[in-house]
Amino acid sequence: MRRKTSARLGLSAFILAAACAGTALVPAAAADPGTTSSGSDKALASDGLLRAMERDLGLSPAAARERLADEKQAVKVERAARKAAGHAYGGAWFDAGSGRLTVALAERGAAADVRGTGADVRFVEHSAAKLDAAKARVDKFVKKAEAPEGVASWRVDPKANRVVVDVVEGHRADNDVTDFLKRVRATAPLRVDTVPEGPSTFAAGTVGGDPYYTGNVRCSIGFSVQGGFVTAGHCGQAGAGVRGWDGSNIGSFQGSSFPDNDYAWVSVGNGWWTVPVVLGWGTIPDRLVKGSAEMPVGTSICRSGSTTKWHCGNLLAKNETVNYSGGAVVHQLTKTSVCAEGGDSGGSFISGDQAQGVTSGGWGNCSSGGETWFQPVNEILQRYNLRLHTA
């Protein structure tokens, strides 16, 4: 059983295990994913966060502050622009160079209204609805026949206005990959990209002093919810017991889904309690989450996990289908350039003070770099009817 202490430093190990291994204060409810921060911009751009963005994104403190402000505005613009575009909406992305959001339009009639929201406009051939439907057809035939090992993932890329398939380097000429691409091309406008290696999940074997364990697997806590926390589904099945960093019993998995999805939630009891905090691991101050407003493609994002601690990068794509090693296909993941390693699974992805999702998997590491996917947090909250624990 955990003993409560009054000092934050005394709570740090507990917060990692019982709250969420990062620095995030969570949104009030799954029913209100658009809740925005009431905290100060100064709190968002702490010295630690600016240092992390300098290390991982190559930004000066002044450039990092400017980018955070631009990204906060882009969230508001995207909501308004999507509404103004209607059925002509072709997706959106944030351009870090200009600090502006670009919205793709499949028809010219809505251009003036969309520009009126503050967004730039690019005309494209296919609407987002058309591309999403094409990707859904790819997902459907993959459920009937496994994707080849040489295919890493596939997604809708609004900037390319295509369904993009990532193929593992050296596997483009494999017969099963060639057949897969031929079938995709028959159902969707296609672009093929190459990645250095295939993705895998980031669970790890037991290592002492880490946030939580189930069986011999170590994972990281995502975000506190009323009665527990959310994390990755591949970390444990429903009913599995969960132990904290000190070996004491926390609770058990109340719901879990993997593959197809990669999310779960764990009950908290036995002297443990939830804390609406994501750890900054000394790199930045522990952070409070004030909402779960979804950030646009192209914005910055940071991750907290029990193995590699705090790292930042860019949000690269949404609604990507990932073909993990062993043929485990997971849908509707968000891709980032943030690195991660074994044991970081389930940990917190956060942008500013907005909860984004829990770490699923990826490729590479935090020495040489790589890419990582997360399961969006709002989907988890809606699936299990959970309320995020907020400060």
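Modeller: A disulfide is a pair of cysteine sulfur atoms within 2.5 Å. The model is predicted: local features need pLDDT of at least 70, side-chain atom pairs count only at pLDDT 80 or more, and totals for chains, interfaces and linings use all residues. Residues are numbered from 1 along each chain as its sequence is written, and side-chain values use heavy atoms, with hydrogens and water left out.

Biologist: How do you know that C302 and C312 form a disulfide?

Modeller: Their sulfur atoms are 2.1 Å apart, and the limit is 2.5 Å. The link has 95 degrees about the S-S bond and is right-handed. Strands (E, at least two residues) and helices (H or I, at least four) are DSSP runs, numbered from the N terminus.

Biologist: Why is C302 called buried?

Modeller: Buried means under 20% relative accessible area, exposed means over 50%, and partly exposed lies in between (1.4 Å probe, protein chains only). C302 has a relative accessible area of 7%, and therefore it is buried. C312 is buried because its value is 4%.

Biologist: What makes the disulfide of C339 and C366 right-handed?

Modeller: The torsion about its S-S bond is about 100 degrees, so this disulfide is right-handed. The sulfur atoms of C339 and C366 are 2.0 Å apart. C339, at 10% relative accessibility, counts as buried, whereas C366, at 24%, counts as partly exposed.

Biologist: Which hand has the link of C219 and C235?

Modeller: That link is left-handed, with -90 degrees about the S-S bond. Its S to S distance is 2.0 Å, and both C219 and C235 are buried. The structure holds three disulfides; with the bonded cysteines numbered in sequence order, the pairing is 1-2, 3-4, 5-6.

Biologist: Why is the pair of F141 and F180 called edge-to-face?

Modeller: Rings of Phe, Tyr and Trp (its six-membered ring) pair if their centres lie within 6.5 Å; planes under 30 degrees apart count as stacked, over 60 as edge-to-face and the rest as tilted. The ring centres of F141 and F180 are 5.9 Å apart and the planes stand at 65 degrees, so the pair is edge-to-face. F141 lies in helix α6 (residues 128–144) and F180 in helix α7 (residues 175–187), so the pair ties together parts that are 39 residues apart in sequence. Ring pairs also link W154 with F141 and F180 in a cluster.

Biologist: How do you know that R183 lies over the face of F141?

Modeller: A charge sits over a ring if NZ of Lys or CZ of Arg is within 6 Å of the ring centre and within 35 degrees of the ring normal. R183 lies over the face of F141 at 4.3 Å from the ring centre. K309 lies over the face of W281, at 3.8 Å from the ring centre.

Biologist: What makes T359 a buried residue?

Modeller: T359 has 0% relative accessibility, and therefore counts as buried. T359 is found in strand β20 (residues 354–365). Contact means heavy atoms within 4.5 Å; not counting residues up to four places away in sequence, T359 touches several residues, including F202, R303 and W373.
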